[in-house]
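Dear colleague,

I am passing on the structure we spoke of, and I would be glad if you could look through it alongside the notes below.

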Amino acid sequence: MAQRTSPILKKLLSGTPSHLRSCLRSITYMPRPGYHAAKPVNPITGDGIPRSVTLIPGDGIGPLVTGAVEQVIKAMKAPVIFEKFDVHGNMNKIPDEVMDSIKRNKVCLKGGLITPVGGGVNSLNVMLRKELDLFVSLVNCFNLPGLPTRHDKVDIVVIRENTEGEYSGLEHEVVPGVVESLKVITKFCSERIAQYAFEYAHLNNRKTVTAVHKANIMKLADGLFLESCREIAKKYPKIKYNEIIVDNCCMQLVSKPEQFDVMVTPNLYGNLVANTAAGIAGGTGVMPGGNVGIEYAIFEQGASAGNVGKPKMVEKRKANPVALLLSSAMMLRHLELPEFADRLENAVKRVIYEGKYRTKDLGGSSTTQEVTDAVISALK
(Lines give C-alpha, C1' and ligand atoms only; values in the text may rest on other atoms or scores of the structure.)
Protein backbone atom coordinates (compact mmCIF):
# COMPACT_ATOMS: atom_id res chain seq x y z
CA MET A 1 0.00 0.00 0.00
CA ALA A 2 2.74 2.44 0.97
CA GLN A 3 4.64 1.77 -2.22
CA ARG A 4 1.58 2.56 -4.32
CA THR A 5 1.02 5.79 -2.39
CA SER A 6 4.57 7.13 -2.68
CA PRO A 7 4.40 8.35 -6.34
CA ILE A 8 1.27 10.37 -5.55
CA LEU A 9 2.89 12.07 -2.59
CA LYS A 10 5.98 12.80 -4.67
CA LYS A 11 3.74 14.43 -7.28
CA LEU A 12 2.05 16.51 -4.60
CA LEU A 13 5.32 17.72 -3.11
CA SER A 14 7.27 18.21 -6.34
CA GLY A 15 7.79 21.59 -7.99
CA THR A 16 6.76 24.93 -6.56
CA PRO A 17 3.02 24.98 -5.81
CA SER A 18 1.17 28.18 -6.56
CA HIS A 19 0.41 28.91 -2.91
CA LEU A 20 4.15 29.13 -2.13
CA ARG A 21 4.86 31.80 -4.71
CA SER A 22 5.65 35.28 -3.42
CA CYS A 23 2.63 37.39 -2.66
CA LEU A 24 2.06 40.20 -5.14
CA ARG A 25 -0.46 42.04 -3.02
CA SER A 26 -2.27 41.68 0.26
CA ILE A 27 -5.36 39.52 0.57
CA THR A 28 -8.77 41.18 0.49
CA TYR A 29 -10.73 40.21 3.58
CA MET A 30 -14.25 40.05 2.21
CA PRO A 31 -16.36 42.18 4.53
CA ARG A 32 -19.77 41.55 5.95
CA PRO A 33 -22.80 43.59 4.81
CA GLY A 34 -22.60 47.20 5.89
CA TYR A 35 -18.81 47.50 5.77
CA HIS A 36 -17.52 50.70 4.18
CA ALA A 37 -14.20 50.81 2.37
CA ALA A 38 -12.87 53.70 0.29
CA LYS A 39 -15.51 55.72 -1.49
CA PRO A 40 -15.91 54.81 -5.15
CA VAL A 41 -15.32 57.18 -8.01
CA ASN A 42 -18.62 58.21 -9.58
CA PRO A 43 -18.58 56.66 -13.08
CA ILE A 44 -20.87 59.40 -14.40
CA THR A 45 -18.17 62.03 -13.89
CA GLY A 46 -15.76 60.14 -16.11
CA ASP A 47 -13.09 60.26 -13.41
CA GLY A 48 -13.11 56.50 -12.93
CA ILE A 49 -12.17 53.65 -15.22
CA PRO A 50 -14.75 50.81 -15.24
CA ARG A 51 -13.44 47.50 -13.92
CA SER A 52 -13.52 44.44 -16.15
CA VAL A 53 -14.88 41.31 -14.49
CA THR A 54 -14.86 37.81 -16.01
CA LEU A 55 -18.38 36.35 -16.13
CA ILE A 56 -19.10 32.61 -16.37
CA PRO A 57 -22.89 32.03 -16.56
CA GLY A 58 -22.39 28.27 -16.14
CA ASP A 59 -24.97 25.49 -16.31
CA GLY A 60 -28.64 25.09 -15.44
CA ILE A 61 -29.92 28.12 -13.56
CA GLY A 62 -26.55 29.86 -13.94
CA PRO A 63 -27.46 31.95 -17.00
CA LEU A 64 -30.72 33.02 -15.32
CA VAL A 65 -29.14 34.28 -12.10
CA THR A 66 -26.04 35.81 -13.73
CA GLY A 67 -28.39 37.53 -16.17
CA ALA A 68 -30.18 39.04 -13.18
CA VAL A 69 -26.88 40.40 -11.87
CA GLU A 70 -26.04 41.92 -15.25
CA GLN A 71 -29.37 43.74 -15.33
CA VAL A 72 -29.02 45.11 -11.80
CA ILE A 73 -25.40 46.21 -12.30
CA LYS A 74 -26.47 48.04 -15.47
CA ALA A 75 -29.46 49.66 -13.72
CA MET A 76 -27.16 50.97 -10.96
CA LYS A 77 -24.67 52.28 -13.54
CA ALA A 78 -21.93 50.58 -11.56
CA PRO A 79 -18.51 50.93 -13.24
CA VAL A 80 -18.25 47.23 -14.08
CA ILE A 81 -17.84 45.65 -17.52
CA PHE A 82 -18.37 41.90 -17.89
CA GLU A 83 -16.29 39.68 -20.14
CA LYS A 84 -18.63 36.72 -20.69
CA PHE A 85 -17.50 33.19 -21.51
CA ASP A 86 -19.40 29.99 -22.26
CA VAL A 87 -18.09 27.34 -19.86
CA HIS A 88 -19.80 24.10 -18.82
CA GLY A 89 -19.05 21.56 -16.13
CA ASN A 90 -18.69 18.65 -18.56
CA MET A 91 -15.62 20.22 -20.19
CA ASN A 92 -12.26 18.57 -19.57
CA LYS A 93 -10.67 21.88 -18.55
CA ILE A 94 -11.27 25.59 -18.28
CA PRO A 95 -10.51 27.10 -21.71
CA ASP A 96 -7.24 29.01 -21.85
CA GLU A 97 -8.94 32.25 -22.91
CA VAL A 98 -11.13 32.09 -19.79
CA MET A 99 -8.16 31.57 -17.48
CA ASP A 100 -6.34 34.42 -19.23
CA SER A 101 -9.35 36.67 -18.65
CA ILE A 102 -9.55 35.82 -14.94
CA LYS A 103 -5.82 36.33 -14.46
CA ARG A 104 -6.00 39.65 -16.26
CA ASN A 105 -9.12 40.94 -14.47
CA LYS A 106 -8.34 39.38 -11.06
CA VAL A 107 -12.08 39.05 -10.37
CA CYS A 108 -14.71 36.63 -11.68
CA LEU A 109 -18.45 36.16 -11.15
CA LYS A 110 -19.83 32.72 -11.96
CA GLY A 111 -22.98 30.66 -11.92
CA GLY A 112 -23.01 26.99 -10.99
CA LEU A 113 -21.03 24.46 -13.00
CA ILE A 114 -22.26 20.88 -13.10
CA THR A 115 -19.85 18.41 -11.52
CA PRO A 116 -20.40 14.92 -13.01
CA VAL A 117 -20.79 12.29 -10.29
CA GLY A 118 -18.26 9.46 -10.57
CA GLY A 119 -16.62 8.42 -13.80
CA GLY A 120 -13.28 10.05 -13.01
CA VAL A 121 -14.28 13.47 -14.41
CA ASN A 122 -12.66 16.31 -12.47
CA SER A 123 -14.68 19.19 -11.04
CA LEU A 124 -14.00 22.44 -12.87
CA ASN A 125 -14.92 24.27 -9.67
CA VAL A 126 -12.10 22.53 -7.81
CA MET A 127 -9.74 23.01 -10.75
CA LEU A 128 -10.39 26.76 -10.71
CA ARG A 129 -9.69 27.02 -6.99
CA LYS A 130 -6.44 25.11 -7.28
CA GLU A 131 -5.18 26.81 -10.43
CA LEU A 132 -5.83 30.28 -9.00
CA ASP A 133 -4.94 29.28 -5.43
CA LEU A 134 -8.27 30.48 -4.07
CA PHE A 135 -7.50 29.08 -0.66
CA VAL A 136 -10.44 30.74 1.12
CA SER A 137 -14.10 29.91 0.68
CA LEU A 138 -16.27 32.39 2.58
CA VAL A 139 -20.02 31.94 3.07
CA ASN A 140 -22.08 34.40 5.11
CA CYS A 141 -25.26 32.77 6.48
CA PHE A 142 -27.60 35.27 8.11
CA ASN A 143 -31.29 35.91 8.68
CA LEU A 144 -32.96 38.20 6.16
CA PRO A 145 -35.64 40.47 7.70
CA GLY A 146 -39.11 39.36 6.63
CA LEU A 147 -38.06 35.82 5.73
CA PRO A 148 -39.37 33.43 8.41
CA THR A 149 -36.94 30.76 9.60
CA ARG A 150 -36.88 28.35 12.50
CA HIS A 151 -34.05 30.22 14.21
CA ASP A 152 -33.50 33.95 14.73
CA LYS A 153 -30.25 35.87 15.32
CA VAL A 154 -28.28 33.71 12.88
CA ASP A 155 -25.20 35.48 11.51
CA ILE A 156 -22.51 32.90 10.78
CA VAL A 157 -19.43 33.27 8.60
CA VAL A 158 -17.99 29.94 7.46
CA ILE A 159 -14.36 30.22 6.35
CA ARG A 160 -13.24 27.01 4.68
CA GLU A 161 -9.81 25.91 3.48
CA ASN A 162 -10.30 25.48 -0.24
CA THR A 163 -7.31 23.70 -1.76
CA GLU A 164 -6.45 20.50 0.08
CA GLY A 165 -7.97 18.00 2.55
CA GLU A 166 -10.31 15.43 1.03
CA TYR A 167 -10.49 17.54 -2.13
CA SER A 168 -6.82 17.03 -2.96
CA GLY A 169 -7.86 14.72 -5.79
CA LEU A 170 -5.24 12.11 -4.96
CA GLU A 171 -7.05 8.84 -5.62
CA HIS A 172 -6.15 5.57 -7.27
CA GLU A 173 -7.29 1.96 -7.39
CA VAL A 174 -4.84 -0.21 -5.47
CA VAL A 175 -6.34 -3.47 -6.75
CA PRO A 176 -9.72 -4.04 -8.43
CA GLY A 177 -12.40 -3.11 -5.92
CA VAL A 178 -10.09 -1.23 -3.56
CA VAL A 179 -9.64 2.55 -3.91
CA GLU A 180 -7.26 4.67 -1.88
CA SER A 181 -8.08 8.37 -1.43
CA LEU A 182 -5.61 10.62 0.36
CA LYS A 183 -6.57 13.42 2.71
CA VAL A 184 -3.72 15.92 2.68
CA ILE A 185 -3.36 18.51 5.45
CA THR A 186 -0.35 20.84 5.55
CA LYS A 187 0.80 23.26 8.21
CA PHE A 188 1.21 26.01 5.62
CA CYS A 189 -2.39 25.83 4.39
CA SER A 190 -3.79 25.33 7.88
CA GLU A 191 -1.98 28.38 9.22
CA ARG A 192 -2.95 30.67 6.38
CA ILE A 193 -6.67 29.77 6.57
CA ALA A 194 -6.56 30.29 10.35
CA GLN A 195 -4.79 33.61 9.83
CA TYR A 196 -7.48 34.65 7.36
CA ALA A 197 -10.27 33.71 9.79
CA PHE A 198 -8.82 35.64 12.72
CA GLU A 199 -7.93 38.65 10.58
CA TYR A 200 -11.45 38.63 9.13
CA ALA A 201 -12.90 38.53 12.65
CA HIS A 202 -10.63 41.39 13.73
CA LEU A 203 -11.45 43.61 10.73
CA ASN A 204 -15.20 42.95 10.88
CA ASN A 205 -15.70 43.29 14.63
CA ARG A 206 -16.43 39.60 15.14
CA LYS A 207 -15.97 38.24 18.65
CA THR A 208 -15.40 34.49 18.31
CA VAL A 209 -13.62 32.06 16.00
CA THR A 210 -14.53 28.38 16.24
CA ALA A 211 -12.33 25.69 14.66
CA VAL A 212 -14.24 22.65 13.36
CA HIS A 213 -12.37 19.33 13.37
CA LYS A 214 -12.36 15.56 13.87
CA ALA A 215 -9.02 15.37 15.66
CA ASN A 216 -10.37 12.81 18.12
CA ILE A 217 -10.20 10.28 15.27
CA MET A 218 -7.86 11.81 12.66
CA LYS A 219 -5.29 12.73 15.26
CA LEU A 220 -2.46 13.61 12.88
CA ALA A 221 -4.28 15.33 10.01
CA ASP A 222 -6.95 17.24 11.93
CA GLY A 223 -4.54 17.47 14.84
CA LEU A 224 -2.18 19.49 12.64
CA PHE A 225 -5.07 21.74 11.61
CA LEU A 226 -5.97 22.36 15.28
CA GLU A 227 -2.37 23.03 16.29
CA SER A 228 -2.12 25.63 13.53
CA CYS A 229 -5.35 27.33 14.65
CA ARG A 230 -4.16 27.42 18.25
CA GLU A 231 -0.87 29.04 17.27
CA ILE A 232 -2.61 31.75 15.27
CA ALA A 233 -5.21 32.29 18.01
CA LYS A 234 -2.45 33.37 20.41
CA LYS A 235 -1.79 36.39 18.18
CA TYR A 236 -5.40 37.61 18.64
CA PRO A 237 -6.01 37.66 22.42
CA LYS A 238 -9.10 39.85 22.10
CA ILE A 239 -10.91 37.26 19.97
CA LYS A 240 -12.36 34.26 21.76
CA TYR A 241 -11.22 30.93 20.33
CA ASN A 242 -13.26 27.71 20.51
CA GLU A 243 -12.95 24.20 19.07
CA ILE A 244 -15.74 21.79 18.22
CA ILE A 245 -15.86 18.27 16.77
CA VAL A 246 -17.64 18.29 13.42
CA ASP A 247 -20.46 15.87 14.33
CA ASN A 248 -21.27 17.84 17.47
CA CYS A 249 -21.00 21.00 15.38
CA CYS A 250 -23.77 19.79 13.05
CA MET A 251 -26.01 19.02 16.01
CA GLN A 252 -25.33 22.39 17.61
CA LEU A 253 -25.95 24.19 14.31
CA VAL A 254 -29.48 22.86 13.97
CA SER A 255 -30.31 23.38 17.67
CA LYS A 256 -28.53 26.63 18.68
CA PRO A 257 -26.99 28.27 15.59
CA GLU A 258 -26.92 31.70 17.23
CA GLN A 259 -23.93 30.58 19.34
CA PHE A 260 -21.63 30.59 16.30
CA ASP A 261 -19.87 33.62 14.88
CA VAL A 262 -16.87 32.88 12.61
CA MET A 263 -16.13 29.23 11.88
CA VAL A 264 -12.84 28.03 10.35
CA THR A 265 -12.76 24.56 8.85
CA PRO A 266 -10.81 22.13 6.70
CA ASN A 267 -12.15 21.59 3.18
CA LEU A 268 -14.83 18.90 3.41
CA TYR A 269 -16.22 19.95 6.80
CA GLY A 270 -16.62 23.50 5.59
CA ASN A 271 -18.69 22.37 2.62
CA LEU A 272 -21.07 20.48 4.92
CA VAL A 273 -21.20 23.16 7.61
CA ALA A 274 -21.83 26.00 5.14
CA ASN A 275 -24.74 24.19 3.50
CA THR A 276 -26.23 23.28 6.88
CA ALA A 277 -25.95 26.87 8.12
CA ALA A 278 -27.46 28.12 4.85
CA GLY A 279 -30.45 25.84 5.27
CA ILE A 280 -30.99 27.13 8.80
CA ALA A 281 -30.82 30.80 7.79
CA GLY A 282 -33.19 30.70 4.81
CA GLY A 283 -31.88 28.29 2.20
CA THR A 284 -29.10 28.05 -0.34
CA GLY A 285 -30.95 30.44 -2.65
CA VAL A 286 -30.20 33.46 -0.47
CA MET A 287 -26.68 32.86 0.87
CA PRO A 288 -23.79 34.85 -0.66
CA GLY A 289 -20.23 33.64 -0.91
CA GLY A 290 -16.89 33.94 -2.59
CA ASN A 291 -13.53 32.29 -3.08
CA VAL A 292 -10.45 34.44 -2.58
CA GLY A 293 -6.69 34.11 -2.68
CA ILE A 294 -3.66 36.37 -2.82
CA GLU A 295 -4.23 37.55 -6.39
CA TYR A 296 -7.68 36.45 -7.54
CA ALA A 297 -11.28 36.20 -6.36
CA ILE A 298 -14.33 34.36 -7.71
CA PHE A 299 -17.79 35.19 -6.43
CA GLU A 300 -20.68 32.73 -6.68
CA GLN A 301 -23.65 31.39 -4.76
CA GLY A 302 -22.39 30.71 -1.26
CA ALA A 303 -23.85 27.28 -0.58
CA SER A 304 -23.43 24.62 -3.24
CA ALA A 305 -26.66 22.65 -2.82
CA GLY A 306 -29.01 23.50 -5.69
CA ASN A 307 -26.41 25.66 -7.41
CA VAL A 308 -27.30 24.36 -10.84
CA GLY A 309 -30.98 23.62 -10.34
CA LYS A 310 -33.50 21.25 -11.81
CA PRO A 311 -34.52 21.29 -15.50
CA LYS A 312 -38.10 22.29 -14.62
CA MET A 313 -36.82 25.32 -12.71
CA VAL A 314 -34.82 26.38 -15.74
CA GLU A 315 -37.74 25.73 -18.08
CA LYS A 316 -40.14 27.78 -15.94
CA ARG A 317 -37.42 30.43 -15.37
CA LYS A 318 -38.06 30.54 -11.63
CA ALA A 319 -34.55 30.30 -10.21
CA ASN A 320 -33.82 32.43 -7.15
CA PRO A 321 -31.32 35.20 -8.03
CA VAL A 322 -30.94 36.53 -4.46
CA ALA A 323 -27.82 34.54 -3.51
CA LEU A 324 -25.86 35.66 -6.56
CA LEU A 325 -27.11 39.24 -6.24
CA LEU A 326 -25.77 39.33 -2.67
CA SER A 327 -22.55 37.66 -3.85
CA SER A 328 -22.20 40.38 -6.46
CA ALA A 329 -22.51 42.92 -3.64
CA MET A 330 -19.54 41.20 -2.00
CA MET A 331 -17.78 41.50 -5.35
CA LEU A 332 -18.50 45.23 -5.49
CA ARG A 333 -16.91 45.68 -2.06
CA HIS A 334 -13.92 43.67 -3.22
CA LEU A 335 -13.66 46.17 -6.10
CA GLU A 336 -13.81 49.00 -3.52
CA LEU A 337 -17.25 50.15 -4.62
CA PRO A 338 -19.07 49.98 -1.26
CA GLU A 339 -21.80 52.50 -2.09
CA PHE A 340 -22.96 50.38 -5.01
CA ALA A 341 -22.77 47.30 -2.80
CA ASP A 342 -24.95 48.96 -0.16
CA ARG A 343 -27.54 50.02 -2.75
CA LEU A 344 -27.75 46.50 -4.09
CA GLU A 345 -27.97 44.81 -0.68
CA ASN A 346 -30.58 47.24 0.59
CA ALA A 347 -32.70 46.73 -2.52
CA VAL A 348 -32.55 42.94 -2.18
CA LYS A 349 -33.41 43.09 1.52
CA ARG A 350 -36.30 45.42 0.82
CA VAL A 351 -37.77 43.03 -1.76
CA ILE A 352 -37.41 40.09 0.64
CA TYR A 353 -38.93 42.07 3.51
CA GLU A 354 -41.95 43.22 1.53
CA GLY A 355 -42.57 39.63 0.44
CA LYS A 356 -44.47 40.40 -2.77
CA TYR A 357 -41.89 38.93 -5.11
CA ARG A 358 -40.34 35.66 -3.99
CA THR A 359 -39.41 32.48 -5.81
CA LYS A 360 -40.82 29.08 -4.87
CA ASP A 361 -38.00 28.17 -2.46
CA LEU A 362 -38.95 31.23 -0.38
CA GLY A 363 -42.67 30.46 -0.40
CA GLY A 364 -43.66 32.49 -3.46
CA SER A 365 -44.31 31.86 -7.13
CA SER A 366 -42.34 34.66 -8.83
CA THR A 367 -40.06 34.18 -11.80
CA THR A 368 -36.40 35.15 -11.80
CA GLN A 369 -37.23 38.17 -13.95
CA GLU A 370 -40.00 39.36 -11.62
CA VAL A 371 -37.63 39.29 -8.64
CA THR A 372 -34.95 41.04 -10.69
CA ASP A 373 -37.38 43.77 -11.77
CA ALA A 374 -38.45 44.24 -8.16
CA VAL A 375 -34.85 44.67 -7.03
CA ILE A 376 -34.20 47.20 -9.77
CA SER A 377 -37.32 49.13 -8.71
CA ALA A 378 -36.12 49.10 -5.08
CA LEU A 379 -32.70 50.59 -5.90
CA LYS A 380 -32.12 53.98 -4.34
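The notes that follow concern the salt bridges and the surroundings of the residues that form them.

Please keep in mind that this is a predicted model. A search of the whole structure finds 19 salt bridges, and I describe some of them here.

The side chains of Asp-133 and Arg-192 form a salt bridge with an N to O distance of 2.8 Å. Asp-133 sits in the loop between helix H4 (124-131) and strand E4 (136-142), whereas Arg-192 belongs to helix H5 (residues 187-203), so the pair ties together parts that are 59 residues apart in sequence. Asp-133 has a relative accessible area of 8% and is therefore buried, the cut-off being under 20%. Arg-192 also counts as buried, at 12% relative accessibility.

A second pair, Glu-83 and Arg-104, is joined through the side chains by a salt bridge of 2.8 Å, N to O. Here too distant parts of the chain are linked, since Glu-83 lies in strand E2 (residues 80-84) and Arg-104 in helix H3 (residues 96-105), 21 residues apart. Glu-83 is partly exposed, with a relative accessible area of 22%.

Lys-93 and Asp-96 likewise meet through their side chains in a salt bridge, at 3.0 Å from N to O. Lys-93 is partly exposed, with a relative accessible area of 45%, and Asp-96 counts as partly exposed at 47% relative accessibility.

Finally, Lys-110, Arg-129 and Glu-300 are linked to one another in a network of salt bridges.

Methods. Residues are numbered from 1 along each chain as its sequence is written. This is a predicted model: local features need pLDDT of at least 70, side-chain atom pairs count only at pLDDT 80 or more; totals for chains, interfaces and linings use all residues. Side-chain values use heavy atoms; hydrogens and water are left out. A salt bridge is a side-chain nitrogen of Lys or Arg within 4 Å of a carboxyl oxygen of Asp or Glu. Helices (H or I, at least four residues) and strands (E, at least two) are DSSP runs, numbered from the N terminus. Buried means under 20% relative accessible area, exposed over 50%, partly exposed in between (1.4 Å probe, protein chains only).
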